[in-house]
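These are my notebook entries on a single chain. I set down below what I looked up, entry by entry.

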Amino acid sequence: LISNGDVELHSTEEEKRILKIQLAEETRKIQNLRKDIPCKQEIVKHLAILQRELEMSQDKVQSLEKILVDPSSENRSRLLGGDDPSFDDLHQRVNEMELTLARKEEQILEKDLILEQVDRLAERTNVKAMNGKHDTLALAKKVNDVQGKMKDITRKMMAVVSELSMQQANAMQLQHNVRDKQQFLESCHLRMEQGMAPSEEFENEWLKMLDKENRRMMEIKMKYKEAEEEERHLLPGGVYTAAEPRPNAYIPDCESELPIPRPYGKMVPFKPSEPSAHMRHYRKPVIKPIEI
């Protein structure tokens, strides 16, 4: 629909241009005719002058007729001077004038022929122009189709160019990253040759990993200690107690007996409890030296 509208618009503009040219031609003709035709007032004035001259000439003719008719007038006629040409001279002049007239007629005929040829060429040109309108419309349609295809191709090319620019930017970024990685790798090799860690980041990561491993080992040890503590606080009857175990047997120091644990019985040694928190309010005693 848009292409058909463009074609119709193009044809309308062409017709408008032709009409403008015709209007300019008609305006030019009117202006030329106005220039050729004088003003009415000037014509009226010139007509009045001619009428007066005509009246004066008629009066003069009448007076001259009266003088010419009057036989008593001496000046009623006036002989003209000069020589009358002979018959041969007149015949020669007539022949010359006939030759000149023939030449003029030949020139007029040639101009008429040229005018007829120009008219035929103008008619052929008009016919070609009328026939070319259809070709122009078809060509305009083709041009519109080609322009539409060119616009589509241009949009596709712009999209491809933008995508290519994005890919080039990504490639440049990747190349920059590769150069950075290569420089980082070279610096790591240099540090390793010097007996140092490849980089501070790797060293920090290694320390973090060691710290995690130490914490894990500590957690394992703590769990193992807790398990041992739980086993130690577990009574033979399966009852769990938080009280510290107290020895209920001893190994005799006698050399004659075997080192076998022997129960205390009723004479269990006293185990003092730990001092409570209120002992901080008491001052520690000063032990005096013993004098012997």
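**Entry 1: salt bridges**

I began in helix α4, where arginine 215 and aspartate 211 both lie, 4 residues apart, about one turn of the helix. Helices here are DSSP runs (H or I, at least four residues; strands are E, at least two), numbered from the N terminus. I work from a predicted model, in which local features need pLDDT of at least 70, side-chain atom pairs count only at pLDDT 80 or more, and totals for chains, interfaces and linings use all residues. Residues are numbered from 1 along each chain as its sequence is written, and side-chain values use heavy atoms, with hydrogens and water left out.

Arginine 215 forms a salt bridge with aspartate 211, and their closest N and O atoms are 2.7 Å apart. The criterion is a side-chain nitrogen of Lys or Arg within 4 Å of a carboxyl oxygen of Asp or Glu. I then looked up the exposure of both partners: arginine 215 is partly exposed at a relative accessible area of 40%, and aspartate 211 is partly exposed at 38%. Buried means under 20% relative accessible area, exposed over 50%, and partly exposed in between (1.4 Å probe, protein chains only).

How many salt bridges does the structure hold? I find 5. Another of them joins arginine 216 to glutamate 213, with 2.4 Å between the closest N and O atoms. These two residues are separated by about one helical turn because they stand 3 residues apart in helix α4. Arginine 216 has 39% relative accessibility and is partly exposed; glutamate 213, at 34%, is partly exposed.

In helix α1 (residues 2-36) I located arginine 28. Glutamate 25 forms a salt bridge with arginine 28, the closest N and O atoms being 2.3 Å apart. Both residues lie in helix α1, 3 residues apart, about one turn of the helix. Glutamate 25 is partly exposed at 32%, and arginine 28 is partly exposed at 42%.

**Entry 2: distances along and across the chain**

For lysine 141 and valine 7, 134 residues apart in sequence, the C-alpha to C-alpha distance is 6.4 Å. Lysine 141 is found in helix α3 and is partly exposed, at 42% relative accessibility.

**Entry 3: the aromatic pair**

Which aromatic residues pair, and in what geometry? My search of the whole structure returned 1 aromatic pair. Phenylalanine 184 and phenylalanine 202 form this edge-to-face pair, 5.7 Å centre to centre with 80° between the planes. The pair links distant parts of the chain, with phenylalanine 184 in helix α3 and phenylalanine 202 in helix α4, 18 residues apart. Rings of Phe, Tyr and Trp (its six-membered ring) pair if their centres lie within 6.5 Å; planes under 30 degrees apart count as stacked, over 60 as edge-to-face and the rest as tilted. Phenylalanine 184 is partly exposed at 32%, as is phenylalanine 202 at 42%.

**Entry 4: a nonpolar surface patch**

I noted a nonpolar surface patch of about 400 Å², made by Trp206, Leu207, Met209 and Leu210. Patch residues have over 30% relative accessible area and no salt bridge; like charges are joined within 9 Å, and nonpolar side chains (Val, Leu, Ile, Met, Phe, Trp, Tyr) within 5 Å. Accessible areas come from the Shrake-Rupley method with a 1.4 Å probe, and for residues only the protein chains shown count as cover. Methionine 209 is found in helix α4 (residues 200-232) and is partly exposed at 45%.
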